[in-house]
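Here are a few notes to read alongside the model.

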Amino acid sequence: MDTLVQLLDATVRVSVPLLLACLAGLYSERSGVFDIGLEGKMLAGAFAGAAAAAAFGSAWIGLSAAILVAVFLALVHGFASITHRGNQIVSGVAINFIAAGSTIILGQAWFRQGGRTPSLAGDARFQTIDLPGAAAVSDVPVLGPIYSDIISGHSILVYFAFFMVPFTWWALFRTRFGLRLRAVGENPAAVDTAGISVTWLRYRAVIITGILTGVAGAYLSVAQNAGFVKDMTAGKGFIALAALIFAKWKPVPAMFACLLFGFLEASSIRFQGMDWPLVGRVPVQLINALPFVLTVILLAGFIGRAIPPKAGGVAYVKER
Amino acid sequence: MAPAAIELKGINKSFGAVHANRDIHIEIPKGTIHGIIGENGAGKSTLMSILYGFYQADSGEIFVDSKKTEIKTPNDAIAAGIGMVHQHFMLVENFTVLENIILGAEGSQLLNAGIARARAELHRLEKDYGLEVDPDAVIEELAVGLQQRVEILKALYRGAEILILDEPTGVLTPAEADHLFRILRMLKDEGKTVVLITHKLREIMAVTDNVSVMRQGTIVATRKTAETTVEELAELMVGRRVLLHVEKGEPKPAEVKLSVKNLTVKDSRGVTMVSDVSFDVRAGEIVGIAGVAGNGQSELLETIAGIRKAISGSVLLDGRPIDVTGAADPGELRDRGLAHVPEDRHHVGLVLPFEENENAMLGYHDDAKFLNGPFLNIEAIRADAREKIQKYDIRPADCRLKTANFSGGNQQKIVLAREMEHDPGVLIVGQPTRGVDVGAIEFIHKQLIAMRDGGKAVLLVSVELDEIRSLSDRILVMFDGRVVGERGPDATEGELGLLMAGVEAREAAE
Ligand SMILES: Nc1ncnc2c1ncn2[C@@H]1O[C@H](COP(=O)(O)OP(=O)(O)OP(=O)(O)O)[C@@H](O)[C@H]1O
Ligand SMILES: [Mg+2]
């Protein structure tokens with residue numbers, strides 16, 4: 001029982017950056033702009049967040065810096081792929097390279113700790129929040145630990161991430177912005193002839209992507225960990241993309257996909273080096289590869305065809 | 001004359017080197033239906049897209065209700081009361097009808113209020129104009145005729161006083177087209193103004209008050225419809241006299257080239273599209289398949305061409321079977337002398353980003369004349385393409401141009417030239433003149449007759465009854481996947497129309 005609670009608690013924590021990145025990608029891709037650069041924006045956000053939090057001693061300033069930097073990179077992607085109709089994959093890959101390289105160079109130049117930022121403590125880091133009554137109910141069997149250990153006791157960013165799931169659903173399917181966003185990813189010409197600016201709509205989507213990847217980065221370096229370590233996103237941006245495909249670009253399934261991948265990651269840490277009956281020791285690399293293997297297998301037939309937004313990946317060109 | 005609803009002055013527009021509209025002046029009186037005709041690529045769609053704000057003119061002025069109006073985006077046009085039904089529909093395919101209609105005119109930030117209002121308004125429009133369509137149906141599941149209704153409803157929902165329709169009848173059955181024209185007349189009686197682009201001169205004569213003719217980017221004439229004739233319009237369009245009926249001699253049918261026996265085909269959803277169809281096509285005759293679109297003709301054609309699998313039945317080409325239920329290979333069929341002009345040239349017939357000369361030989365790239373050892377002989381390919389451009393009068397006459405930059409009619413000629421010039425024994429063609437202007441139709445029809453007189457077997461599928469009647473030596477009518485009747489070329493339109501509507505079939509079943 002304890003093991004399970006710990007495992008699920010860890011699952012929630014490691015799922016959050018995936019979830020934020022996945023929702024970030026959802027906005028962009030629903031608008032028809034593919035984004036391979038989630039990883040890079042998250043990494044740059046994590047670095048900027050930790051650096052600013054260390055410099056100003058405030059987690060909130062760290063978060064703002066993370067968002068600012070990620071939005072800037074998102075705008076670069078938008079400028080290349082929306083305004084200049086460039087190749088979205090190339091632009092995304094370039095952003096990943098820039099983020100991976102510049103965080104190391106700047107980190108070394110500013111802090112001289114081998115790419116790390118100074119360790120954060122106190123107000124410089126997002127602290128965990130105990131929900132009301134968490135201590136009181138913790139002895140109630142089953143429900144008690146679920147509330148007090150799994151649901152309560154996370155940082156504000158965790159609650160923000162999970163709040164974004166119903167919010168995104170609502171925004172997508174119940175608001176004017178959502179209708180237009182979904183339309184522009186399917187048929188930008190229809191949006192254009194309906195009198196709506198395709199460019200501005202896609203820029204807004206890309207900016208939201210920037211904000212959410214920024215929060216994801218800040219979560220990594222200012223909440224989950226106490227500072228930035230080089231390459232700390234470790235492929236999470238790509239797993240988030242897999243989760244997005246897996247969830248067929250829908251917010252609620254996206255959450256479950258991220259929780260599933262988070263669970264796999266949490267298990268790989270928990271059971272690292274453990275001996276299993278019959279199979280013996282499972283190499284950690286195998287478990288780390290599981291999310292990707294799972295995506296390939298499931299996409300290859302178990303969840304039906306994942307149909308991406310029809311206009312995804314192509315720039316809107318009206319006059320050839 | 002009524003005051004002008006729209007006046008365009010000195011409109012110019014170029015796409016790169018193509019001068020699509022030059023110095024256009026046109027005045028459209030309020031409360032009239034104004035036709036615009038012209039050859040493929042004459043610039044009709046471009047001009048109307050400028051009026052709708054989709055493209056911006058390089059120079060020129062637009063007056064709406066005698067007021068100079070800046071139309072920079074479709075938003076400006078909508079605000080000025082202009083609505084447009086585009087040649088290629090502007091719908092979001094996985095949205096419902098209602099969602100498509102409110103897109104851009106939602107009314108408020110939250111959708112629910114807008115949707116409720118739209119539903120009520122839609123109900124009213126449906127009643128007033130007889131434009132029934134299920135508001136909750138998803139677009140991709142609707143037939144094209146219904147999709148077009150949605151486009152019209154979209155414009156009316158936005159309160160359009162001026163409605164532009166760009167080739168609306170290209171995808172409609174005769175009955176649907178008649179319905180559309182009734183609606184247009186109703187709109188006119190309410191004082192609205194309609195601009196109608198079409199290639200069908202009969203429709204111009206039937207519904208318009210005035211008609212403007214475009215040629216190579218300019219307006220060459222505007223006439224009162226009552227004071228002109230089909231012959232005059234055709235001549236103005238093409239710049240020479242056009243033969244509007246097909247001249248052909250007696251057929252000399254010889255041996256059977258293509259034989260279809262008990263063919264049954266299902267589509268991907270398992271719905272039977274072709275059921276138990278049998279017929280022969282002989283050398284030296286044209287067999288036409290008439291029918292309302294969606295009654296299995298497309299699937300029949302695709303199956304014979306080897307790009308769709310049959311459930312049962314057989315097809316013989318020159319007495320030898322085609323493996324239609326198994327792995328028929330279109331390439332091999334081509335080698336055996338079967339040429340196919342697909343209905344959907346955009347998706348099946350051409351690779352639009354390729355240069356013209358590449359498309360002009362696509363599928364025949366293994367021919368010795370296009371090869372230079374293991375490599376393509378680029379010079380030979382281009383020389384061959386130039387020959388075809390000459391012979392088929394493909395415009396612009398530039399074999400290096402990207403195929404996407406040719407107008408619809410010229411793209412069709414590229415496909416026809418490729419398939420016909422290969423000198424096949426059997427030619428199967430779908431909708432050879434869809435969206436093609438009268439001059440090109442005349443030419444294509446002549447080519448088809450020449451093939452037949454040269455002893456080839458031609459199987460022709462078309463939703464244009466006129467085309468079927470004037471070209472075919474025998475007419476098969478398909479309804480609901482079956483061949484419901486065979487008639488000679490002298491069958492009347494009414495007789496075929498009844499068969500196409502399944503009337504006789506239903507009576508026989510009772
Ligand atoms: N978006 C575009 N980019 C580049 N060239 C274009 C574009 N749209 C049209 N053209 C070119 O402009 C010319 C006029 O095209 P337009 O579509 O207006 O002709 P049309 O009269 O509507 O022909 P059709 O009867 O085939 O529809 C053609 O040569 C076409 O290739
Ligand atoms: Mg056109």
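1. A term to begin with: on a 1 Å grid over the protein atoms alone, a cavity is a set of points where a 1.4 Å probe fits but cannot get out, a pocket is an open set with protein on both sides within 12 Å along at least five of seven lines, and lining residues have an atom within 4 Å of a point. This is a predicted model, in which local features need pLDDT of at least 70 and side-chain atom pairs count only at pLDDT 80 or more, while totals for chains, interfaces and linings use all residues. Residues are numbered from 1 along each chain as its sequence is written, chains are lettered from A in the order in which they are written, and side-chain values use heavy atoms, with hydrogens and water left out.

2. On the interface, 31 residues of chain B are in contact (heavy atoms within 4.5 Å) with 24 residues of chain A. The two chains bury about 2,300 Å² between them, 56% of it on carbon and sulfur atoms; buried area is the accessible area (1.4 Å probe) lost on putting two parts together, summed over both. In chain B, the residues that lose the most area to chain A are Phe54(B), Leu103(B) and Leu111(B), together 23% of what that side buries.

3. There are 3 salt bridges between chain B and chain A, each a side-chain nitrogen of Lys or Arg within 4 Å of a carboxyl oxygen of Asp or Glu. One to look at joins Arg182(A) and Glu99(B), at 3.7 Å from N to O.

4. Of its 42 lining residues, Lys200(B), Arg202(B), Glu464(B), Asp466(B) and Glu467(B) lie nearest its centre. α15(B) gives the largest share of that lining, 6 residues.

Key: Helix = DSSP H or I, 4+ residues; strand = E, 2+ residues; numbered from the N terminus.
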